[in-house]
Amino acid sequence: MNTTIQLQVNGKKHTVQVDPATPLLYVLRNQLALNGPKYGCGLQQCGACMVLLNGKAEPSCMLPVAAVKDRKIVTLEGLIQNDNEMHPVQEAFVQEQAAQCGYCMNGMVISAVALLNENPHPDDTAIRNGLQRALCRCGTQSRIIKAVKRAANSK
Amino acid sequence: MNRRNFLKNTGCLAIGFSLQRSFIDLPSPMFQELPQSIKRHPHINAWLEVLANGQVRIFTGKLELGQGIGTAIAQVAAEELDLGMNKVEVVLADTLRTPNEGYTVGSGSIEQSAMAVRFAAAAARQKLLELASQQLGVPAAQLNMQNGTISAVTGNKSITFHQLLNGKQITDKVQAPVNLKPKESYKLVGKAIPRSDISRMARGEQYYIQDMRFPGMVHACVVRPPAYDARLQELDEKALKKNIPGILKTVVNGSFVGVITQEEYQSVKAQRWLQQHSKWSAGSKLPAGSNMIKYLKTLPGQNDKVAEKGSIPDSNAWIKAQYYKPYHMHASIGPSCALAIYDNGRLHVWSHSQGIYPLRESISKLLPLPVDKIDVTGVPGSGCYGHNGADDVAADVALLAMAYAGKHVRLQWTRSDEHAWEPYGSAMIMEAAALLDDAGNITAWLYELWSDTHSIRPGGDANNLLAAQHYATPLKESSRFSSGANRNSEPYYAIPNQRIEAHFFKGPLRTSALRSLGAYANIFAIESFMDELAEKAGKDPFTFRLMHLQDERAKAVIRKVQEMISNIQLPANTGIGIAFSRYKNSASYCAVAAQVHVQPATGAIEVQKMWSAIDAGEVINLDGIINQTEGGMIQSASWTLIEQVKFDAQHVSSRDWVSYPIMRFNQVPEVEVAVLNQPEEKAMGAGEAAQGPAAAAIANAVYKAGGRRIRHLPMVPS
C-alpha cells in the first residue's frame with residue numbers, strides 16, 4: 001500500500017515511497033533524515049514536531065503525508081541560509097542560550113518564525129500567545145521569550 | 001602557593017621525578033583531598049587525551065541532561081591547560097571510553113566530574129611542562145603554555161602537546177597534592193561561557209538519541225499491560241501480521257510484548273492494534289477516588305527516626321500544620337528512546353540513562369549476557385532531571401535486539417507509554433509542629449513525613465526494569481528505602497529541640513527519583529510553616545528566618561533576595577512570598593521570592609514574577625547556574641500550581657498533556673536570578689536548589705495576596 005508521493009521540503013522536491021497515511025513527521029525524520037521536527041506526543045499537544053506549512057507553524061505528528069503534497073514545508077534545517085548562516089530566530093536562541101535540554105527548541109523556533117512573519121514586533125502577550133502550543137519542561141520559557149524579542153529587534 | 005612558585009621551588013623537573021616527594025621536601029606541605037572520581041580512576045589518560053589535531057579530548061562519566069555539564073567540564077579543562085574552548089572536546093558517558101562515575105544525579109556532576117577533570121588536567125599540565133622542559137632544554141619555570149603549545153619565554157623554542165607525546169598519552173597517576181591554577185588568574189572558569197551544543201540544536205543537527213540512524217535500522221514498539229500487574233492472556237501474532245504491514249518479529253515473554261517493524265509508523269500501528277486486540281487479566285485495583293492523605297497514612301511501612309536533639313516538651317501551645325504533595329511526573333517533552341544491536345555475540349545499547357554503567361549490569365542480568373559482552377553509550381535525550389523511562393526503554397530494546405540479531409533496533413516509547421509507565425516522584429505528607437517563646441523564637445520542632453521510595457534506579461540489578469516485571473516469571477521490584485524522602489527534612493534553622501521522623505510506605509504508583517527528591521516537598525512544608533510561625537511570632541518573614549539562622553552564607557542569599565524586591569510596588573490583591581533552603585543542608589544556598597496575584601472573586605492564582613539569589617560556591621559557568629535556577633523556579637511553579645498524576649481503578653489515567661497539563665507560556669512567570677560567587681568555596685551543583693523554596697515562596701505569596709493558606713498541592717486542581 002505504499003505510494004509515491006512528491007513533497008516540497010526546504011526548497012527541494014523529494015519523492016518518497018510511503019504509506020500515504022503516514023504522519024508527515026515520520027516521513028521527514030525517517031525518509032528525509034531530518035532532525036528538526038521531533039516526536040513529542042503524536043497528539044498535536046506539545047509542539048515538538050512543528051514545521052512551517054506555507055509559512056504557518058503546524059504540528060506534523062498527525063498530519064497524513066498525502067495531505068501536504070502541495071504545501072511548502074520548511075523545517076529547522078531549511079531556515080539555514082545557503083552560506084550556512086542561521087535564521088535570525090535561530091541566532092537569537094543561541095545568543096540568549098535559550099535552552100537546557102533543547103528538545104522543545106524546534107517547536108519554539110518554528111512557532112517564533114511564523115509569529116514574526118505575521119507580526120514583526122510582537123509584545124510580550126503576543127509572543128506568549130504565539131508560542132502557547134509549544135511545551136518546555138526544563139523551564140526555559142523566560143529565555144525563549146527574550147530570544148523572540150531579540151530576533152524581532154534584529155530585523 | 002601558585003603554579004609558578006611551585007615550579008620555582010621544584011626547579012627543573014625530569015621525567016619520573018615524583019611530585020609527591022618534592023612536596024614532602026617543601027617547608028610547609030599542604031593537605032589536599034583528591035576528588036572521589038580521581039581516587040577511583042587515578043590515571044590521567046582516563047580523563048584526558050591529546051589528539052593529533054591539537055585538540056584535547058576530555059572524558060566524563062556523566063551525561064548531558066540539559067544542565068550544561070559538558071560545557072562546564074570543558075571550561076575547567078581549558079582553564080588548567082590554557083586552551084581555547086574550541087580546543088577541548090568532551091566525550092560523555094560511554095562504557096567503551098569513559099570512567100565509571102555511577103549516576104548523573106544529586107547535582108553532583110560539578111563536585112565530582114568537573115573537579116576530577118580539573119585535577120587530571122592540572123596534573124597533565126605539570127607533566128607536559130616536565131616533558132617540554134626536557135625536550136627543549138629550558139627550565140620549566142621559563143616555559144609558557146598557550147593553546148596547546150609550550151614555548152620558552154625567551155627565544156623561539158616551542159613544541160606542541162602532540163609533538164611532546166608523539167601519539168602516546170599521559171598514563172601517570174594523579175597524586176596529591178596537585179598544583180592547581182590560582183583562581184585569580186582564571187580566564188574561563190566563573191564566566192558565562194556559552195554552550196556550543198545550543199547552536200547544534202538550533203540548526204537541527206543530529207544531537208539527541210532520537211536522531212540516531214543506522215543503515216538498515218528497524219523500529220519497534222512495546223505493548224504494556226492495561227494495569228501495573230495485569231498479565232497477558234491472549235495475543236494473536238498471525239492476525240497482527242495480517243492486519244499490519246511490515247511486521248518483522250513479535251517478541252513475547254510472559255507479559256512482555258514487543259514488535260519489530262520495518263517502518264516507525266508500522267510500529268505505532270502495531271501497538272494500537274495489539275492494545276485493542278489482546279486479552280489481559282484485570283490486575284490489582286488502584287485506590288481511585290480515595291482521600292490520598294488518609295489512604296497513604298493507613299499503608300503499612302517502615303519508620304525511621306531522622307534526627308532528634310534536645311527534648312520535646314508536653315504543651316498545649318503546639319502550632320501544627322499538615323502539607324501534601326501529590327505524585328508528580330518527570331514528563332519529558334520527548335518520550336524515552338533507545339537503540340541496540342546484537343551482533344557477533346556482543347550487544348551495543350545507546351541510551352539516555354543517567355547511569356550507563358549500572359544499566360549495563362542490569363541489562364546483563366536481565367538477558368542474561370555477560371557484562372563484558374555489553375557496551376552502553378550515553379546519548380542525550382529529552383530533559384527530565386530524574387529517573388524516567390530511560391533505563392526501561394533501554395532494557396526493552398536490548399531484549400528486542402537480542403531476538404533480532406544483526407540489525408540496529410530503535411525503540412521510541414509513545415507519549416502514553418512514558419506518561420503511564422515512568423516512575424513518578426512520590427506523593428508525600430508532611431506534618432509540622434512548633435513551639436514559640438515570648439520573643440518569637442522557635443524552641444521546639446516536630447516533623448513527620450510519609451513517602452514512598454525516591455529511588456528504584458536499576459542500580460545493577462534486573463528487578464527494577466519494567467521488562468523484568470513483565471517476564472513469565474516476574475522479578476519483584478526492590479525499592480530501596482533511600483534517604484531521598486528525608487532530603488531537607490531537617491530544618492536548617494537553629495532550633496534547640498527537634499524530632500524528625502519518616503514513614504515509608506509502598507504506595508499504589510511506581511515511584512523513583514524526580515529532581516530534588518524529597519527536598520521539594522519538605523522545603524515546601526518547612527518554608528510554608530516558617531511563614532505561618534513568623535505571623536504568629538509577629539515578625540516579618542525575612543527577620544524571622546534570619547533570627548533562626550547562624551550560617552552567614554544562608555543569611556546572605558536571603559538578604560540578597562530582600563534587596564532584589566526592595567523597590568517593588570505591589571498592586572492590589574498581589575503579594576510577595578519568600579522562602580529559603582540549602583539543598584541537602586550541605587550544598588547550594590538558595591532564596592526565592594515570588595510575586596503572585598490572586599483574583600478576589602475567583603481565587604485564580606497568577607504567578608507574575610520570581611526572583612532568586614543563589615550561592616553555589618565557586619562558580620564554574622555563571623550562565624549555567626542562572627539557567628538552572630531560572631528553570632528550577634519555572635518547573636517548580638508548574639509542579640506547585642497545576643501538576644498531579646491521576647489514576648482510575650485500573651491504571652494511571654494521566655496519559656497525555658491534557659490529562660497531565662504542565663505550564664504553558666501564558667502561565668509562566670518572569671524570572672530573575674542573582675548569583676553570589678564564592679571563589680574560595682567548593683563548587684556545587686545548582687540544578688536542584690530552587691524547586692523547594694520556589695514552591696513555598698508561591699504558597700506564602702498567595703497568602704500575602706489575600707488568598708488562602710494553601711497546604712495541599714496542587715494549588716489549582718484541574
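Because the model is predicted, local features need pLDDT of at least 70 and side-chain atom pairs count only at pLDDT 80 or more, while totals for chains, interfaces and linings use all residues. Residues are numbered from 1 along each chain as its sequence is written, chains are lettered from A and ligands numbered from 1 in the order in which they are written, and side-chain values use heavy atoms, with hydrogens and water left out.

Chain B is divided into domain 1 (3-189), domain 2 (211-282 + 334-421) and domain 3 (428-704), with bounds that come from an automatic or database domain assignment. The centres of domain 2 of chain B and domain 3 of chain B, taken over C-alpha atoms, are separated by 35 Å. Their contact (heavy atoms within 4.5 Å) takes 34 residues from domain 2 of chain B and 33 residues from domain 3 of chain B. Between them, domain 2 of chain B and domain 3 of chain B bury about 3,000 Å², 54% of it on carbon and sulfur atoms; buried area here is the accessible area (1.4 Å probe) that two parts lose on being put together, summed over both. Of the area that domain 2 of chain B buries against domain 3 of chain B, 24% is supplied by B:Y228, B:Y385 and B:H387, more than by any other three residues.

Charged and polar groups also take part in this interface. Two salt bridges are counted between domain 2 of chain B and domain 3 of chain B, a salt bridge being a side-chain nitrogen of Lys or Arg within 4 Å of a carboxyl oxygen of Asp or Glu. There are also 21 residue pairs in polar contact between domain 2 of chain B and domain 3 of chain B, both residues at pLDDT 80 or more; a polar contact is a pair of N or O atoms within 3.5 Å, where within protein one must be able to donate a hydrogen and the other to accept it, and residues adjacent in sequence count only if both atoms are side-chain atoms. On the side of domain 2 of chain B that touches domain 3 of chain B, α11 (356-366), α12 (390-403) and α13 (415-421) of chain B each supply at least two residues, and α11(B) gives the most, with seven residues. Helices (H or I, at least four residues) and strands (E, at least two) are DSSP runs, numbered from the N terminus.

One strand of chain B, β10 (residues 256-261), is mostly covered, since six of its six residues are buried, where buried means under 20% relative accessible area, exposed over 50% and partly exposed in between (1.4 Å probe, protein chains only). The cover is on both faces of β10(B), with B:F256, B:G258 and B:I260 on one side and B:V257, B:V259 and B:T261 on the other. Strand β10(B) pairs with β7 (residues 218-223) of chain B in the antiparallel sense over five bridges, pairing being assigned if DSSP finds at least two bridges between two strands, and B:V222 stands opposite B:G258. Six bridges join β10(B) to β9 (residues 247-253) of chain B, again antiparallel, and here B:I247 stands opposite B:T261. The hairpin of β9(B) and β10(B) has two residues between the strands, and in it B:G254 takes a positive phi near 65°.

Over all chains, the structure holds 44 salt bridges. The side chains of B:K127 and B:D172 meet in one of them, at 3.0 Å from N to O; B:K127 lies in helix α5 (residues 109-136) of chain B and B:D172 in the loop between α6 and α7 of chain B, so the pair ties together parts that are 45 residues apart in sequence. B:K127 counts as buried at 12% relative accessibility, whereas B:D172 is partly exposed at 31%. In another salt bridge, between B:R553 and B:E681, the closest N and O atoms are 3.3 Å apart.

Two backbone features remain. A cis peptide bond, with omega about -5°, joins B:A176 and B:P177, and B:P177 is found in the loop between α6 (161-165) and α7 (197-203) of chain B. In chain A, phi of A:N10 is near 50°, a positive value in a residue other than glycine, and A:N10 is found in the loop between β1 (3-9) and β2 (12-18).
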